[in-house]
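Trainee: I would like to go through the labels used for this model and see what each one rests on.

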Amino acid sequence: MLDIIKKAAKEEEIRKRFYFTLLMLVVYRLGNNIPIPFIDTKALADAYNNIQGTLVDYLNMLTGGGLSTLSIFALGVQPYITASIVMQLLSVVIPRLEELSREGEQGRKTIQKYTRYVTIALAIFQAIAITNGLYGAALSSATGFQKVVMNIVLIGGTMFVTWMGETITEKGLGNGTSLIIFMGIIASFPRTIARWKQGLHYDTTSIVSIIIMAIIVVLIVLAVVEISEGERKVPIQYAKRVVGRKMYGGQSTHIPVKVNMGGVMPIIFASAVLAIPSTLSLLFGGNGQNSVANFFQNSVLGFAVYLLIQTILILVFAYFYNQIQFNTVEYAKQLQQNGGFIPGIRPGKPTSDFLANVSTRITFIGSIALALLTIVPAIASRVLGLQISFGGSSVIIVVGVIIETVKQIEAMMTMKQYKGFLNR
């Protein structure tokens with residue numbers, strides 16, 4: 001990976017993309033430290049201290065701390081991610097959206113436009129929930145006009161962050177939305193280290209517990225790399241054919257079926273869905289917020305239910321992404337048209353069924369592995385008594401985003417070499 005980065009640093013186009021991505025992420029971090037107008041920072045800090053350790057902490061981590069300071073980017077990309085989930089699910093059940101998804105670039109732009117509309121609606125809901133529910137008591141002295149301005153700033157901040165994510169994907173390096181979430185998670189690491197240091201100072205945290213957790217995190221990183229690189233190679237043989245006096249075909253190749261086709265997206269989508277109860281409880285503030293927190297975090301039953309739901313969601317979204325990215329019917333059709341076949345499998349529907357069977361089994365292994373890597377740190381932190389601002393899902397997202405970004409850089413360098421070869 002380091003060799004790829006060193007070589008990429010020598011390419012002017014990649015350097016420009018890197019600087020652009022870095023600039024956007026710096027703007028995002030700066031925006032997370034700019035509070036919205038008309039707020040009392042002391043009252044805001046007191047209000048957030050009353051709900052620390054609840055599920056709202058998780059939302060705060062994904063926004064890079066913007067929720068605790070009620071910054072202009074307090075909502076982050078959560079409304080956009082939720083809107084993307086809604087649109088992708090609707091694309092499966094609504095024929096018109098399914099047709100748009102198959103119409104190439106133009107169809108993608110139309111779906112993207114609809115996604116933005118849903119994002120605005122969700123941002124309006126979350127902004128009202130925060131200003132009237134979560135921070136309702138702290139902002140009780142604000143006038144109606146001031147609250148309208150606050151909500152407009154929060155909604156505008158979300159749309160600006162959404163634009164930054166899309167622009168990074170188009171003109172920068174990596175997936176912009178994933179990188180923004182990545183920055184939010186990375187920003188929470190120093191807070192966790194500070195908590196552990198404070199715990200050691202006051203003898204409320206054991207050094208053994210910290211060492212065990214550090215080992216678990218390292219093992220998770222290694223496992224995520226293995227899962228990301230793992231694949232099942234399905235052998236493909238092309239039939240020989242004679243054209244004139246020349247013989248074509250006859251070569252052997254393979255179809256790489258990835259263990260984890262969805263990358264970090266199943267984790268991100270599962271996290272977005274799990275954040276819905278906290279988002280809804282924001283409307284009620286006080287008792288409503290505390291009730292949700294007490295059930296999911298403080299009770300053993302609620303904690304078990306939370307992990308079970310998280311596991312199910314990861315499985316569902318892993319298979320969902322597998323269906324989107326690996327269309328076995330199209331693969332079988334293209335193989336048959338080009339004279340290719342899987343040894344021992346008849347062309348056409350038998351090939352499609354075989355690929356679907358392979359994909360289903362390998363996706364099950366990958367999704368179970370992701371689920372285990374997600375819940376093990378959560379259980380370990382509870383058993384060891386460590387308060388952490390990140391979990392297994394956060395570590396997986398961080399490692400996955402780094403791997404995907406490096407792969408994109410490698411792909412860009414490969415394309416650069418091909419362009420240079422063709423221009424000679």
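Mentor: Start with accessibility: buried means under 20% relative accessible area, exposed over 50%, and partly exposed in between, with a 1.4 Å probe and protein chains only. This is a predicted model, where local features need pLDDT of at least 70 and side-chain atom pairs count only at pLDDT 80 or more, while totals for chains, interfaces and linings use all residues. Residues are numbered from 1 along each chain as its sequence is written, and side-chain values use heavy atoms, with hydrogens and water left out.

Trainee: Why is Val218 called partly exposed?

Mentor: Its relative accessible area is 48%. That value lies between the 20% and 50% limits, so Val218 is partly exposed.

Trainee: What makes Glu166 and Arg116 a salt bridge?

Mentor: A salt bridge needs a side-chain nitrogen of Lys or Arg within 4 Å of a carboxyl oxygen of Asp or Glu. The closest N and O atoms of Glu166 and Arg116 are 3.0 Å apart, so the pair qualifies. Glu166 lies in helix H9 (residues 144-171) and Arg116 in helix H8 (residues 104-134), so the pair ties together parts that are 50 residues apart in sequence. Helices here are DSSP runs of H or I with at least four residues, numbered from the N terminus.

Trainee: Which of these labels applies to Glu166, buried or exposed?

Mentor: Buried, because its relative accessibility is 17%, under the 20% limit. Arg116, at 32%, counts as partly exposed.

Trainee: How do you know that Asp353 and Lys349 are about one helical turn apart?

Mentor: They are 4 residues apart in helix H17 (residues 349-384). An α-helix has 3.6 residues a turn, so residues three or four places apart point the same way. The side chains of Asp353 and Lys349 also meet in a salt bridge, at 2.9 Å from N to O. Lys349 counts as exposed at 60% relative accessibility, whereas Asp353, at 39%, is partly exposed.

Terms used
Helix = DSSP H or I, 4+ residues; strand = E, 2+ residues; numbered from the N terminus.
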